[in-house]
Amino acid sequence: QDSTAADSEPIDYFSEVTYVQFNVPPILQNPELPTGCESAALTMVLNSLGYSLSKTTIADHYLPKGSNYAIEFPGNPHGFGWGCFAPCITNTANAFLTEHGSSKRAYNISGTSQTDLMSYIDKGIPVIVWSSMYMRPVSFTGSSVTYQGKTYNWYRSEHCVVISGYKTDHSELIINDSLDGIVKRNWNAFENIYNMAGQNAVVIM
């Protein structure tokens with residue numbers, strides 16, 4: 001009998017659950033940007049690409065202001081404001097990238113399932129997504145706007161964060177949250193909010 005074989009334990013490859021994660025410098029939106037989560041999320045991603053931005057640069061110089069929250073920010077991110085959705089942040093990012101001579105561009109990948117978003121994480125590309133403040137349930141207000149034939153419904157506790165990693169068994173996500181820092185979120189709970197909020201997502205590549 002081969003004692004080595006007899007004494008060895010079988011290898012359970014499925015027990016090797018790991019994280020796919022990369023560094024996205026965290027930014028806390030408060031106190032300067034109490035309603036500026038979208039600007040903070042974009043700033044985190046731009047800083048991860050090697051730019052050195054203060055937390056207020058995007059909000060003050062690139063974020064378009066107006067009433068259509070699909071493509072503009074209603075109000076002031078430094079005080080009272082609503083928020084904005086993926087087309088607005090895509091355009092904002094591209095304005096910055098173009099001005100700085102970058103070949104990279106932002107892409108609105110809204111409608112992508114949470115599972116499929118992980119293909120970007122696998123390539124080291126952080127994903128800006130829309131969730132809710134402190135993982136609160138999505139509650140729609142009845143307000144809506146349209147842009148390019150798509151309706152955007154406003155919901156209470158609207159929040160924008162960055163996915164910077166995930167657990168390979170799809171049980172957890174690593175989230176850069178401008179309210180909480182870098183945190184772990186339950187996969188299913190986050191997916192439910194992401195789906196309810198309209199699957200808004202943006203990447204820069």
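## Strand β5 and residue T151

T151 is partly exposed, with a relative accessible area of 44%. The structure described here is a predicted model, and T151 belongs to strand β5 of that model. When residues up to four places away in sequence are set aside, T151 touches S144, V145 and T146.

The C-alpha atoms of T151 and G198 lie 9.8 Å apart in space, although 47 residues separate the two in sequence. G198 follows α6 and has a positive phi, near 110°.

## Helix α6

Helix α6 spans residues 187-196, and W187, F190, I193 and Y194 are buried within it. These residues cover an arc of only 135° around the axis, which puts them on the same side of α6.

What covers the buried residues of α6? The covering elements include helix α5 (114-122) and the strands β3 (127-132), β6 (158-167), β7 (172-177), β8 (181-186) and β9 (201-204). At the start of α6, a side-chain oxygen of N186 comes to within 3.0 Å of the backbone nitrogen of N188.

## S131 in strand β3

S131 is located in strand β3. With a relative accessibility of 1%, S131 counts as buried, since the cut-off for a buried residue is under 20%.

Leaving aside neighbours within four places in sequence, the contacts of S131 are Y155, S157, E158, H159, V161, F190 and I193.

## Backbone features in the loops

In the loop between β1 (19-21) and α2 (37-48) lies P31, and the peptide bond joining N30 to P31 is cis, with omega about 5°.

The loop between β3 and β4 (139-147) contains M135. The phi of M135 is near 60°, a positive value in a residue other than glycine. M135 is partly exposed, at a relative accessible area of 23%. A positive phi in a non-glycine residue also occurs at S157, where the value is near 65°. S157 lies in the loop between β5 (150-156) and β6. Is S157 buried or exposed? Its relative accessible area is 19%, and S157 is therefore buried, as the limit for that class is under 20%.

In soluble globular proteins, nonpolar side chains tend to be buried together. Here, the largest nonpolar core has 34 residues, and L42, L46, I128, W130 and I204 are those with the most contacts inside it. Helices α2 and α4 (86-99) and strands β3, β5, β6 and β9 each supply at least two residues of this core. The element that gives the most to this core is α4, with 6 residues.

A second, separate core has 24 residues, including A40, I109, F190 and V203. As for I204 of the largest core, the residues it touches are L42, V45, L46, L49, A93, L97, K104, R105, A106 and I125, not counting residues up to four places away in sequence.

## Cavity and pocket

How many cavities of 30 Å³ or more are there? The count comes to 1, and the largest cavity has a volume of about 30 Å³. Its lining is formed by S131, S132, Y134, M135, H159, V161, I175, D177, R185 and F190. Strands β3, β6 and β7 are the elements that give two or more residues to this lining.

The largest pocket has a volume of about 190 Å³. Of the 16 residues that line the largest pocket, P34, T35, W82, M133 and E158 lie nearest its centre. The elements that give two or more residues to the lining of this pocket are α2, β5 and β6. Strand β5 accounts for the largest share, with 3 residues. E158, one of the residues nearest the centre of the pocket, is also among the contacts of S131.

Conventions: Residues are numbered from 1 along each chain as its sequence is written. This is a predicted model: local features need pLDDT of at least 70, side-chain atom pairs count only at pLDDT 80 or more; totals for chains, interfaces and linings use all residues. Side-chain values use heavy atoms; hydrogens and water are left out. Buried means under 20% relative accessible area, exposed over 50%, partly exposed in between (1.4 Å probe, protein chains only). Helices (H or I, at least four residues) and strands (E, at least two) are DSSP runs, numbered from the N terminus. The arc is that of the directions from the helix axis to the C-beta atoms. Contact means heavy atoms within 4.5 Å. A polar contact is a pair of N or O atoms within 3.5 Å; within protein, one must be able to donate a hydrogen and the other to accept it, and residues adjacent in sequence count only if both atoms are side-chain atoms. A nonpolar core is a set of buried Ala, Val, Leu, Ile, Met, Phe, Trp, Tyr and Cys residues joined through side-chain atoms within 4.5 Å. On a 1 Å grid over the protein atoms alone, a cavity is a set of points where a 1.4 Å probe fits but cannot get out, and a pocket is an open set with protein on both sides within 12 Å along at least five of seven lines; lining residues have an atom within 4 Å of a point. Grid points are joined across faces, edges and corners, and a volume is the space filled by probe spheres set on the points.
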